[in-house]
Structures are given as C-alpha cells and as structure tokens.
Number of protein chains: 2
Amino acid sequence: MSTTGDPKKSLYEQLARLGKAAASPARLELLDLLCQGPRTVEGLANEAGLSVANASQHLRVLHGARLVEGEKNGLFVTYRLADPAVGDFFQTLRALGEKRLAEVDAILREFREAPESLEAIEKETLLNRVKKGEIILIDVRPAEEYRAGHIPFAMSVPLKELRSHFPKLRRRQPIVAYCRGPYCVLAVEAVKQLRAKGFRAARMDDGIAEWRARGLPVAVSEVSK
Amino acid sequence: MSTTGDPKKSLYEQLARLGKAAASPARLELLDLLCQGPRTVEGLANEAGLSVANASQHLRVLHGARLVEGEKNGLFVTYRLADPAVGDFFQTLRALGEKRLAEVDAILREFREAPESLEAIEKETLLNRVKKGEIILIDVRPAEEYRAGHIPFAMSVPLKELRSHFPKLRRRQPIVAYCRGPYCVLAVEAVKQLRAKGFRAARMDDGIAEWRARGLPVAVSEVSK
DNA sequence: AAACTATTCAATAGTATCCTTGAATAGTTT
DNA sequence: AAACTATTCAAGGATACTATTGAATAGTTT
C-alpha cells in the first residue's frame with residue numbers, strides 16, 4: 001500500500017496526482033472551459049475539439065484527481081469544478097505561464113494585438129459606469145455560460161446573436177464586451193463586428209474567472225428546469 | 001512548428017509544460033526543497049534520496065519549464081527558484097491538495113498527531129512575544145537554509161546541533177521551533193528531544209514559504225564568501 | 001599535466017499515457 | 001419492448017516518461 005511507505009514520499013506522490021492532471025493540454029482546456037461553468041461531456045468535447053470518448057476519459061482523470069465532479073441528469077452527465085479552489089489553481093498556473101514562459105506571452109500578444117487594437121478598460125471604474133448606465137456591458141459568451149455566472153449588470157448577448165441586437169443599440173453609447181478571459185476570441189470578434197457597424201466598442205480582457213479572483217461580485221441567473 | 005498551429009491549442013500546450021513539470025513526485029520534492037533556498041545538485045539529491053544523475057535530470061526538466069535556474073560556481077551548480085511566483089504556484093498546489101485530496105489530509109494528520117501532540121501557536125502574537133524575549137524562536141533547519149532566509153529574531157539551531165544548545169537554554173522559557181513547513185519533520189523531532197529534556201517546547205507548523213506567503217517579514221543573513 | 005570532483009549527457013529497459021476503435025451501460029423516447 | 005442517445009468501458013498500438021548505468025565534460029587541486 002502506498003500509505004505504509006515513507007509519509008513524506010507519499011505526500012509528494014499525492015500532490016503529483018494534481019500535477020499529472022494538469023500535464024495534458026486537453027485536460028487544461030477542459031478545465032478552462034469548466035471554469036466558465038458546468039457543461040456536459042458532449043459540450044466539452046465539441047468546444048475542445050476532442051472525440052467524446054477521449055473527453056470522457058480526460059474528465060475521468062480530472063475526477064480521479066478530485067478536480068471536477070460529474071452529476072448525471074437524465075441522459076446527460078454535467079461536469080463542474082469540484083471546488084472554487086480549482087479555479088484558483090488554474091489561475092495561478094496561467095499566471096505562472098504568463099510570467100515565466102516567453103512562449104505564452106507571445107501567444108497572448110498574438111491574441112491581443114489582433115485586428116483592431118483593443119483598449120484596456122479600467123476595471124475599478126467600469127462597474128460604476130455600467131451601474132450609471134454610461135456604459136453598456138455585454139457578455140458575448142453562450143447564454144448557458146452567462147446563466148452559470150456573469151458580471152453584475154451585464155446583459156447576455158451571445159456572439160451568434162450579436163447582429164440581432166444592432167437595432168437596439170445607440171451608436172454613441174460606449175459598449176464593453178467581455179467573454180471567457182484573456183485567451184478567448186469571442187469578445188475580440190464582437191468588438192470587430194461592432195466597430196465595423198460604427199459602434200464605440202472596446203474589449204475587457206478579463207473573464208468571469210479573473211473577475212471572481214479579484215473578489216468582485218458575480219451574478220447568477222438560475223433558471224428553474 | 002508549434003507556434004504556427006491554432007494559437008489556442010498551443011497555449012494549453014505551453015501551460016501543460018508547467019503541469020508536466022509538476023507531475024512527478026521527485027520534482028515536487030525538489031521544488032519544495034528549493035522553496036527553502038538555493039542548493040547544489042548533490043545537496044538536493046541527498047535530501048530527496050535521489051541519485052545525482054537522476055536529480056540532475058529532473059532539474060533539467062524543471063529548468064525546461066523555466067521553474068528553476070542553475071548557476072555554475074566553480075565546481076558546483078547552484079539551483080534556485082527562477083521566480084518567487086514559482087513558490088506561490090507550489091503553495092497553491094499544496095493548498096489544493098490539502099483541500100481536495102483526502103489522502104493528503106491523512107498524511108498531514110500522521111505528521112501533526114505525531115508522538116507528542118503539538119500545540120498550534122498563534123502567529124499573530126508570536127512575533128511580538130519573541131521580540132519581547134518571552135519566547136525563544138529557533139530555526140532547526142540546516143544553517144545554510146537559515147542564511148538564505150529566516151523569520152526575524154529567530155536563532156539558527158540546526159537539528160543536528162540541538163543537543164549542544166541544551167546548556168544555554170532555561171528550562172522554564174518557552175521555545176518554539178519551526179522548520180521547512182507543515183510536511184517537514186525537523187521541528188517535530190526537535191520538539192520531541194526538547195520535551196524529553198524537560199523543556200517547554202512547541203512547534204510552529206509554518207515554514208518560511210508560508211510565512212512569506214502571509215506577507216510577514218523575512219530576514220536574510222548574507223555571508224561574504 | 002595528472003588525478004579528482006560535480007555535473008551532465010547518452011543509451012536502455014521498464015512503465016505509464018494518449019488517442020482511437022468498437023462494444024457495453026444506463027436512461028429516454030416511440 | 002425496440003430504437004435511440006449520451007456516456008463510459010476495454011483493448012490496442014504509438015509515444016513519452018522514469019530511473020539506472022556508464023561515459024563525457026568542465027573545473028579544481030596536487
């Protein structure tokens with residue numbers, strides 16, 4: 001048995017279980033997606049570009065490391081992070097990557113210096129201005145993710161439905177879009193489309209995970225099923 | 001080339017480099033040791049119970065993930081953490097393990113409920129009482145680690161030299177011992193020995209890394225070489 | 001320069017991980 | 001109950017990782 005050996009050794013063995021869970025790009029992508037909110041296996045597989053069987057297998061590994069939990073609802077199994085601390089861990093991993101791996105920095109620049117140059121928004125004042133109605137804050141992720149958690153006062157405008165909202169928007173009113181976080185292209189694309197139509201749009205590169213990590217409030221709209 | 005592919009994919013690939021580095025018990029132990037301060041390859045190999053070649057190989061992997069850096073001084077190569085953020089990452093990993101893995105919790109209990117039951121010391125008041133001289137705070141790690149960073153007002157009493165300090169100590173004066181952190185046995189052993197001799201000894205389970213993580217001051221005694 | 005030392009390199013065998021494929025399970029709908 | 005669906009399980013070959021061994025490198029001492 002492993003617990004009968006040197007306790008010090010077996011401790012590192014246990015911690016290595018977490019490291020191993022984080023040792024695969026596919027699993028990290030799944031974790032990132034799950035940081036946005038619960039999802040079914042098929043949903044995760046599609047978004048991460050994995051076969052369903054493969055995604056299921058990776059999820060089982062993550063479950064083995066106690067990082068995610070699955071709950072069977074009828075025909076579907078919905079996975080979610082087992083603990084908010086898992087999100088913190090992922091954030092720390094990402095922060096470390098940004099700080100230490102030049103490659104990550106290069107990839108991020110590729111994102112951020114995308115087509116239109118994207119202004120950074122001051123998060124401190126953002127929420128107040130949104131409250132006052134000076135700024136419209138839109139959440140361009142799929143509605144499902146919006147429901148699982150979003151920034152207060154943000155309205156849900158999934159990227160796919162963005163065009164249908166154009167008539168409602170005033171051209172002079174500043175719009176700020178956000179999505180899953182710094183690596184997500186949804187808000188980049190939304191800003192591009194809005195600007196193309198003459199709107200004053202900017203992107204906030206933080207997602208829900210970053211927002212929560214700052215200790216800022218997160219709203220949830222639970223729908224009775 | 002990996003950078004020519006989907007940037008999103010390659011991002012997770014890069015982050016997985018960090019996960020892979022943390023996927024081996026041996027490397028985690030090396031990281032833990034390096035959180036205490038710089039060390040040579042041989043020193044690390046001895047303390048972790050690895051062959052020198054094996055330790056060197058693992059260090060090369062850690063270096064490949066930009067987590068540690070080595071500097072050649074004459075015949076020796078001294079490794080250190082590449083960035084304090086690496087320490088944060090390790091702390092987060094450990095915290096996650098404590099929170100999510102029942103096995104880690106069990107191992108920790110095995111440590112803490114060791115021979116003598118060890119009182120928890122209130123860290124808030126500890127430093128003040130040490131300043132006033134009410135408590136003697138001893139650092140029972142090797143002198144080398146003490147020099148690399150220690151709690152202010154602590155005196156260096158490596159476990160091996162503990163016996164030689166007995167005559168200097170008063171039997172009534174409370175002694176608090178600390179070492180590398182919650183998983184390290186040095187302070188446990190020190191307290192055992194002190195109590196066996198009739199001293200009033202307790203263990204603080206925080207080490208330098210935890211201390212620093214709380215934002216508390218750390219002293220360094222740099223010796224000209 | 002020769003002997004010695006700390007570290008790294010290179011090759012190897014054993015083991016674990018990864019993704020794919022096809023079948024099995026559990027639950028739903030018809 | 002039969003057909004269907006989402007998920008998991010099981011087996012396989014390809015690949016990667018780990019620890020060991022012995023040799024090579026770089027620097028020191030004699």
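E69(B) forms a salt bridge with R100(A), and their closest N and O atoms are 3.4 Å apart. A salt bridge here is a side-chain nitrogen of Lys or Arg within 4 Å of a carboxyl oxygen of Asp or Glu. By that rule, 6 salt bridges cross the interface of chain B and chain A.

This is a predicted model, in which local features need pLDDT of at least 70 and side-chain atom pairs count only at pLDDT 80 or more, while totals for chains, interfaces and linings use all residues. Residues are numbered from 1 along each chain as its sequence is written, chains are lettered from A and ligands numbered from 1 in the order in which they are written, and side-chain values use heavy atoms, with hydrogens and water left out.

**The two chains**

In the interface, 48 residues of chain B are in contact (heavy atoms within 4.5 Å) with 47 residues of chain A. About 4,600 Å² is buried between the chains, 69% of it on carbon and sulfur atoms. Buried area is the accessible area (1.4 Å probe) that two parts lose on being put together, summed over both.

Between chain B and chain A, 8 residue pairs are in polar contact, both residues being at pLDDT 80 or more. A polar contact is a pair of N or O atoms within 3.5 Å; within protein, one must be able to donate a hydrogen and the other to accept it, and residues adjacent in sequence count only if both atoms are side-chain atoms. On the side of chain B that touches chain A, α1 (7-21), α2 (25-36), α5 (84-100) and α6 (102-112) of chain B each supply at least two residues. The largest share, 14 residues, comes from α1(B). Helices (H or I, at least four residues) and strands (E, at least two) are DSSP runs, numbered from the N terminus.

**DNA strand C**

Around DNA strand C there are 22 residues, of which H58(A), E42(B), S56(B), R60(B) and Y79(B) come nearest.

| Residue | Protein atom | Atom of DNA strand C | Distance |
|---|---|---|---|
| Q57(A) | side-chain N or O | base oxygen | 3.4 Å |
| H58(A) | polar side-chain atom | phosphate oxygen | 2.4 Å |
| V41(B) | backbone N or O | phosphate oxygen | 3.2 Å |

A residue is near a strand if one of its heavy atoms lies within 4 Å of it. α4 (52-64) of chain A, together with α3 (41-48), α4 (52-64) and β3 (76-81) of chain B, each supply at least two residues of the surface near DNA strand C.
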